[in-house]
Amino acid sequence: MDEVTGNTMLTELGQRLVNGSLSDPAIQRATEATPNFAILPWVNVVKIGGQSIMDRGRSAVGPVVDEIVANLKRHKMILGTGAGTRARHVYSLAIDLGLPVGVLTVLGTAVAWQNAQMLQYLLAKHGIAFLEPEGFPSLPHYLMERGAVICQGMPPYKLWEGNPEIGRIPPQRTDTGCFLIAEVFGARKMIYVKDEDGLYTADPKKDPKATHIPRISVQELLARDFNDLVVERAVLDLMLKARNISEIQFVNGLKPGQLSAALDGEPVGTIVFNAAMKGAA
Amino acid sequence: MNDGGPGAQHVVSRLMRESLMDKAVIAGTEAGVRSILPNLNVIQIGGLSIMDRGQSAVLPLLDEIVANQQEHTQVVGVGPGVRARHILSVGLDLGLPTGALATLAAKSSAQNAYIVSCLLANHGFVYLEAPFIVQLLPAMLAAARGAVFNGIPPYDLWEHPPSLGKLPPHGSDAGSYLIGEVFGARSVILLKDVDGLYTADPKTDKGAKFIPDISVSELLHMQLATLPIEPVVLDLLTRSKLVKSVRVVNGLVPGNLSRALAGDTVGTLIHV
């Protein structure tokens, strides 16, 4: 198939890609020098927590929905949903039955899907659509027309989810799926709506001496190696590799106004930032 | 830090109210895994190494797959080859991010998988897209005589940015391995145009020695400049529960696939 090799329409990098090994670090490094095009630079990805928001029902979800509606004309939002307590139940059951991580991922995806569908019923009268990964090419249209779309937060890895280092829980869940949406579109913001004001030195529900951390680098967060975290560890690992998303923000969805403040660029909750952003966009 | 606390409506389970980010909770979920399809053999046909060569390479290999059909259950993953290299080149030139490149490249391997399925259709093989692998693979293997799938995993826009550069790290070797692992397959065989691993590039170094068998940790320790398989497969192997090895075999040599399926020593076995 040498006809492509001799094609002068290919760039110099293209010639190397066609002829070389994609695992060759020299070729990988050469791709760093290509431009970074942001696909949806004005979009905000907002993840609505499963256990932290959706499982609480109307008392928590109602105010979050009101706040989303209030922001529809001001900020464009991709709303991803978490899974929550039903995922925990189905993971427990599936682990007990000896099923692999890929199967757990398929099962967990169904729970995030249920939450996305519920959220969409609540926002339907405002013209908000629910898109599955296959529908993502239509996403810019819905964002332009209606200001927001809903998706389920799990990445579409399904049976192809890799094993975690330890244990049997799928390591890349809805925090990760939403982060990767933000990264690939070059989004303006990645905001996680949970049920706490962000990150603490310990679990504030269990330790009264826990203090709030308003801002911390991902490098420091990884170095401190907390036993528990507000976000999936996979997100922190991916932040180190990301070239578009330099920070993520955690806000308390139980406190009205925090999501709006974060969308407006205010430093509410906790911001985790990359102190060594590579190949700046 | 995500237990929902008071107010959340819980379903009772072992993980109820627990943080799935808590290290002790995560470690507490360690338990045995069942093999769903223990007789399955995952065969990966390389894109650049086999498919792009056309009939002289592809047809003898497919004949060998058919010859093994009675004896072995085979699902065939297919890689993308030179068309993916081309669209990566154009996409990079346009500034597209890794997730967009992965989505585009996956269509090239879908084409190759479809081609293979057409050539094997007469023998009852079916082409299954990712949603059908999830729902229908066991039924298809019971009813049909084998299946062909897109080797590139359906990560699409959600593909990870790599540590270096922008090329999608999960290609068809990774996707085929992951299918083997999730179903607890009997073997994962990666068919390439080289005999396996060497201590150096045999095309440029006369002193290069063949490696019939090597562990992932030894291989990582050798720090070879390039590998005939995607490096991410080595990471996946270190976290394996069921499929503890992959065999890299020269698919251009008649008989190699049959030997690998029979469990004979051929090519290079990379194991945990």
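Q: What should I know before I start clicking on residues?
A: This is a predicted model, where local features need pLDDT of at least 70, side-chain atom pairs count only at pLDDT 80 or more, and totals for chains, interfaces and linings use all residues. Residues are numbered from 1 along each chain as its sequence is written, while chains are lettered from A and ligands numbered from 1 in the order in which they are written.

Q: What is the mean pLDDT of chain B?
A: pLDDT is the predictor's confidence in each residue, from 0 to 100. Where it is low, the predicted coordinates should not be read in detail. For chain B the mean is 92, and 97% of its residues reach 70 or more. The complex as a whole gets an ipTM of 0.85 and a pTM of 0.91 from the predictor.

Q: How do I read the sheet in chain A, and which strands stand at the edges?
A: Strands are DSSP runs of E, at least two residues, and helices are runs of H or I, at least four residues, numbered from the N terminus. Two strands pair if DSSP finds at least two bridges between them. In chain A, 8 strands form an open sheet with mixed pairing, in the order β3-β4-β2-β1-β5-β9-β10-β8. β3 (129–130) and β8 (215–217) of chain A are at the edges with a single partner strand each, so one side of each has no neighbour in the sheet. Within the sheet, β5 (189–194) and β9 (247–252) of chain A pair in the parallel sense over 4 bridges, and K194(A) has N252(A) as its bridge partner.

Q: Which strands does helix α4 of chain A touch?
A: Contact means that the C-beta atoms of two residues, placed from the backbone, lie within 7 Å. Angles run from 0 to 180 degrees between N-to-C directions, with axes fitted to C-alpha atoms, for helices over the stretch in contact. Helix α4 (58–71) of chain A packs on the sheet against β1, β2, β4 and β5 of chain A, at about 155° to β2(A).

Q: And in chain B, what does β10 pair with?
A: β10(B) (268–271) pairs with β8(B) (213–215) in the parallel sense over 3 bridges, and with β9(B) (245–250) in the antiparallel sense over 4 bridges. I270(B) is the bridge partner of I214(B), and V246(B) also stands opposite I270(B).

Q: How many residues does each chain bring to the contact?
A: Chain A brings 79 residues and chain B brings 72. On the chain A side, α5(A) gives the most, with 7 residues.
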